[in-house]
Amino acid sequence: MSTKPTPRVRVPAQVKPGEIFEIKTLISHEMESGQRKDSAGKTIPRKIINKFVAAFNGKTVFEADWNPAISANPYQSFFYKAVESGEFTFTWKDDDGSDYVSKNKLTVAA
Amino acid sequence: MVWNSVETTRREALALASIFGFAALLAPKMSFADEQAVAAEIKKLYGDKKTESGKIKLDVPEIAENGLVVPVNVEVESPMTEADYVKAVHVFADGNPLPGIVSYKFTPACGKASASTRMRLAQTQNIICIAEMSNGNLHMAKANVKVTIGGCGG
């Protein structure tokens, strides 16, 4: 049933130095809470993305620890202040140990 | 919707929801977190430290029709400089099976201590938000969300 989670990230292509802009991220994932039961009454084991990390040029700038209370296909937005051009690395960490990664370039120009 | 990953039809989902709703009235209570559980979580993080009000803008809908997807936005007033910034923000709920919702770690590079996500709420309950500043001060905010259809079970 489950397909490989695909991240979708929106980062502006070009920003001015000092500009504070919003980054929006979304990833397809069922975020199985571990609270639900299947038709036989057995608890469906938990399988969620428990951590989201945003790094810029290798330095972590924002982190979110997600609990099972986060909705399926989790959305996360946050802000970043432009200083220099570079690359974002967004990482989603799954309960099963896998990482889903998205890289997005940012150009800072006046 | 393309994002729907659970393979049930709307009709089945509604039927299940009504069964679960009815069962919830009869069956012994499902275990939910409560105010004490949230207080215990906060104590685990920060001990008995005093919290102040203000500085936090906790934006949640007053009424959530669908408890499966409830938008939650937190914004903390701060200059976000190396000397004075918001270190962490924790969001809890006092009526879900587990009290924790999300914990954020901010850095001065963020420019603004604001983040949005979407959460599941099992029933009408309070959302409690606690922000830790770089100088160690704690701020707290609380909001009530009325949930029409709970986001748990069915």
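Is D65(A) buried, exposed or partly exposed? D65(A) is partly exposed, at a relative accessible area of 26% (buried means under 20%, exposed over 50% and partly exposed in between, with a 1.4 Å probe and protein chains only). The legends below concern a predicted model, in which local features need pLDDT of at least 70 and side-chain atom pairs count only at pLDDT 80 or more, while totals for chains, interfaces and linings use all residues. Residues are numbered from 1 along each chain as its sequence is written, chains are lettered from A and ligands numbered from 1 in the order in which they are written, and side-chain values use heavy atoms, with hydrogens and water left out.

**View 1. The interface of chain B and chain A.** In this interface, 31 residues of chain B are in contact with 31 residues of chain A (contact means heavy atoms within 4.5 Å). The buried area is about 2700 Å², and carbon and sulfur atoms give 50% of it; this quantity is the accessible area, with a 1.4 Å probe, that two parts lose on being put together, summed over both. The rule finds 18 residue pairs in polar contact across the interface, both residues being at pLDDT 80 or more (a pair of N or O atoms within 3.5 Å; within protein, one must be able to donate a hydrogen and the other to accept it, and residues adjacent in sequence count only if both atoms are side-chain atoms). On the side of chain B that touches chain A, β6 (100-106) and β7 (113-119) of chain B each supply at least two residues. The most comes from β6(B), with 7 residues. By class, this side of chain B has 15 nonpolar, 11 polar and 5 charged residues; Ala, Val, Leu, Ile, Met, Phe, Trp, Tyr, Cys and Pro count as nonpolar, Asp, Glu, Lys and Arg as charged, and the others, Gly among them, as polar.

**View 2. Strand pairing between the chains.** Strand β5 (residues 59-66) of chain A pairs with β6(B) in the antiparallel sense over 5 bridges. Strands (E, at least two residues) and helices (H or I, at least four) are DSSP runs numbered from the N terminus, and two strands pair if DSSP finds at least two bridges between them. F106(B) in β6(B) is the bridge partner of F62(A).

View 3. One salt bridge is counted between chain B and chain A (a side-chain nitrogen of Lys or Arg within 4 Å of a carboxyl oxygen of Asp or Glu). K105(B) forms a salt bridge with E63(A), and the closest N and O atoms are 3.2 Å apart. A second pair consists of K51(A) and D65(A), with the closest N and O atoms 2.7 Å apart. K51(A) lies in strand β4 (residues 49-56) of chain A and D65(A) in strand β5 of chain A, so this pair ties together parts that are 14 residues apart in sequence.

**View 4. Strand β8 of chain A and its partners.** Strand β7 (residues 86-94) of chain A runs antiparallel to β8(A) and is joined to it by 8 bridges; T89(A) has K103(A) as its bridge partner. The two strands form a hairpin with 4 residues between them, and G97(A) in the turn has a positive phi of about 95 degrees. Strand β2 (residues 14-15) of chain A pairs with β8(A) in the parallel sense over 2 bridges, with Q14(A) opposite T107(A). K105(A) also forms a salt bridge with E87(A), the closest N and O atoms being 3.4 Å apart. K105(A) is exposed, at 61% relative accessible area, whereas E87(A) is partly exposed, at 26%.

**View 5. A salt bridge within chain B.** The side chains of K87(B) and E132(B) meet in a salt bridge, at 4.0 Å from N to O. K87(B) belongs to strand β5 of chain B and E132(B) to strand β8 (residues 125-133) of chain B, so the pair ties together parts that are 45 residues apart in sequence. K87(B) is partly exposed, with a relative accessible area of 36%, while E132(B) is buried, at 17%.

**View 6. The surroundings of L98(B).** L98(B) is found in the loop between β5 (86-93) and β6 of chain B. Its relative accessible area is 39%, and L98(B) therefore counts as partly exposed. Leaving aside neighbours within four places in sequence, L98(B) is in contact with Q35(A), P68(A), A33(B) and A93(B).
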